[in-house]
Amino acid sequence: MGIWDLEPVPSMQIIPQDTTATSPYDTVWTQVPEQQPEGLERVMLAEDKLFVVLAVVLIIWFGLLFFLYRTDRRLDRLERSLERGISQDPDESVVG
Amino acid sequence: MNWMHGAWAVFEKDVRLELRSRYAINMLLMFVLAALLLVLFALGQTPVSARVQAAVLWIVILFSGAVGLGRSFISEEERGTVLLLQLNTHGSMVYAGKLLFNFVLVLVLNLVAVAAFVVLLSVAVPLPGLLLTTLGLGALGLAGATTLLAAIIARTANRGPLLPVLLFPLLVPLLLSVVSATRAALPGGAGWAGAQDELLTLVGFAGVVITASVLLFDYVWND
Amino acid sequence: MNAPSTRKPAIDLRRYRFVRAAVGVWMTGVIGFAFLRDIPSLEILEHTARNLYFHVPMWFTMMAAVIVAAYHSARYLATDDPVRDVRAEQAARVGFVFGLLGILTGIVWARFTWYVGQGIWWNFDPRQTMVAVFLLIYGAYFTLRSSIDEPTRRARVAAVYNLFAAATMPFLTYVVPRQMPSLHPGAEGSPAFSETDLAPVMRPIFYAAIIGFIVLFWVIYTQRVRTALLEEELEENPL
């Protein structure tokens, strides 16, 4: 059973309140689009919009991953300069 | 040396230098006029809403401020007078003198910009008092924020173009309040009552910016 | 040559390793609960209400990073300790990334939830605008740092700019929301849940997510500070 099959808690239905305060954005987000969603939206809106959550989690995951790689690159650079430093160690350079 | 005298001496020195060359003031005025005219040419005959008028006016003022006010400390570095000032005065006096000078400069700039703006766009101003108050408070906030940043960029390698980059993000609260307050002074605006919050924000902004600058200035100045 | 540095280590490695392990377990739990616990189903929001656990902590984490960066900048000016400068810079960098992630996740959430069928990606939501300005400020901070070569002067000037910017930030949080309508809780006419009707089921996971992300920030930040300190060490005393 997928988690989207679970019944929502019925008592928690929230009645939309304060409909008198109409800002221009109100009309934007309460309108339910009549036409069938297309393309990207069809994917994102499937399964009660669960894929939106997936997208958000993936963005965060990839962002942190990218950051991790950046730190890794700096460590690589450090390692390389350490190696170079060791090969130029005075003891060895006297021999060479 | 008395603190007030010291600050005043720095201010007087800057004014005298400025009157001799008239470089900063000429540049600022030319910049404002050229920018306003360019906007007018680009708009053509299109009628512009009061909100857009206020926005255009302040964008032009902020840009010319960012271009012109960066000079105040760079010129000291170029003339090699920094050391003299450091030896003879206290940092806070230099800051106060420079702030006063920049404030006067921005105020002149604002008045010219508004005059040009009113004439060129044929804007009616039902509440000139509110507009002038907004201009004064906006000038204070702008000068307060710019003076410290000008001292900062005088310390960087290639001084000029960095100031707008540092300045604009910090001025977003100022820009938003000043545009609303100006909008309130134009026809169809909310008037004094509607601009109350914005004016208070401007006073607070100028106060915080100047206090922070006074506290931080010594660290940039005595390096 | 190769002399061990005399100053005491800037980071307690045992504590760091412990926290790193703990945050791994903790966040795994948060993510698990975030998907598996039932939540009240609201119209429009549907399952995207679960984004509360991931999107909102980005904002909290960025604020934490801003505070950490400002604190270390202030300490730098007071003590002239170069480690403080490294800490301030790294906190700002990690905070910048969290802010960016917050903006990107917010854009995706709004696009496929409130702006379905409208094709609106960027909107002038106050919090989005605010984070955008924060990112601009830190972008300016990094630009300023890269424009000065001399380390002590760079550290000092950057610390001054960071503190100056931090002083103006409260105005941003006060002014911007007054100028724009918002999708966020507390705004007029927003169908999104506000603080008062955040469902009790969601509350513990939400708080756990905030704590988890802030600790995660601390771990990444400490890792970066370690790297940066090593880099500096190598530059000062090449082997």
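Let's start where two chains meet: 25 residues of chain C are in contact with 25 residues of chain B, where contact means that the C-beta atoms of two residues, placed from the backbone, lie within 7 Å. On the chain C side, helix H4 (126-146) and helix H5 (151-179) each supply at least two residues. The biggest giver is H5(C), with 15 residues. Sorted by class, this side of chain C has 18 nonpolar, four polar and three charged residues. Here Ala, Val, Leu, Ile, Met, Phe, Trp, Tyr, Cys and Pro count as nonpolar, Asp, Glu, Lys and Arg as charged, and the others, Gly among them, as polar. The helices themselves are DSSP runs (H or I, at least four residues, with strands being E runs of at least two), numbered from the N terminus.

A word on what you're looking at: this is a predicted model, in which local features need pLDDT of at least 70 and side-chain atom pairs count only at pLDDT 80 or more, while totals for chains, interfaces and linings use all residues. Residues are numbered from 1 along each chain as its sequence is written, and chains are lettered from A and ligands numbered from 1 in the order in which they are written.

Now take chain C on its own. Chain C has six helices and zero strands, so to speak a run of α-α-α-α-α-α from the N terminus on. Of its 239 residues, 47% are buried, and a residue is called buried if 20 or more other C-beta atoms lie within 10 Å of its own, exposed if 12 or fewer, and partly exposed in between, with C-beta atoms placed from the backbone. Among contacts in chain C between residues at least 6 apart in sequence, 76% join residues at least 24 apart.

One helix pair to look at in chain C is H2(C) with helix H6 (residues 203-236). Their axes come within 8 Å and cross at roughly 45 degrees. That makes H2(C) oblique to H6(C). The axes are lines fitted to C-alpha atoms, for helices over the stretch in contact, and the angles run from 0 to 180 degrees between N-to-C directions. Angles under 35 degrees count as roughly parallel, over 145 as roughly antiparallel, 65 to 115 as roughly perpendicular and the rest as oblique. By class, the contact of H2(C) with H6(C) has 14 nonpolar, one polar and no charged residues.

Follow H2(C) to its end and you reach Asp80(C), in the loop between helix H2 (52-79) and helix H3 (82-111) of chain C. Asp80(C) isn't a glycine, yet it has a positive phi of about 60 degrees. With 13 other C-beta atoms within 10 Å, Asp80(C) is partly exposed.

Over to chain B. Its mean pLDDT is 85, and 98% of its residues reach 70 or more; pLDDT is the predictor's confidence in each residue, from 0 to 100.

Chain B has its own helix pair to show you. The axes of helix H2 (residues 23-43) and helix H6 (residues 91-120) of chain B come within 10 Å and cross at roughly 25 degrees. That makes H2(B) roughly parallel to H6(B). Their crossing is right-handed. On the H2(B) side, the residues include Leu29(B), Val32(B) and Leu36(B), and among their partners in H6(B) are Val108(B), Val112(B) and Phe117(B). The residues of this contact divide into 16 nonpolar, no polar and no charged.

In helix H4 (residues 71-79) of chain B, Arg71(B), Ser72(B), Phe73(B) and Glu76(B) are buried. The buried residues of H4(B) pack against H2, helix H3 (50-68), H5, H6 and H7 of chain B. Just after H4(B), Gly80(B) takes a positive phi of about 70 degrees.

Finally, chain A has three helices and zero strands. Of its 96 residues, 11% count as buried. Leu50(A) lies in helix H2 (residues 39-87) of chain A and counts as partly exposed, with 19 C-beta neighbours inside 10 Å. Between Leu50(A) and Phe62(A) there are 12 residues in sequence and 18 Å in space, C-alpha to C-alpha.

How values were computed:
A crossing is left-handed if the near helix is turned anticlockwise from the far one by less than a right angle, and right-handed if clockwise.
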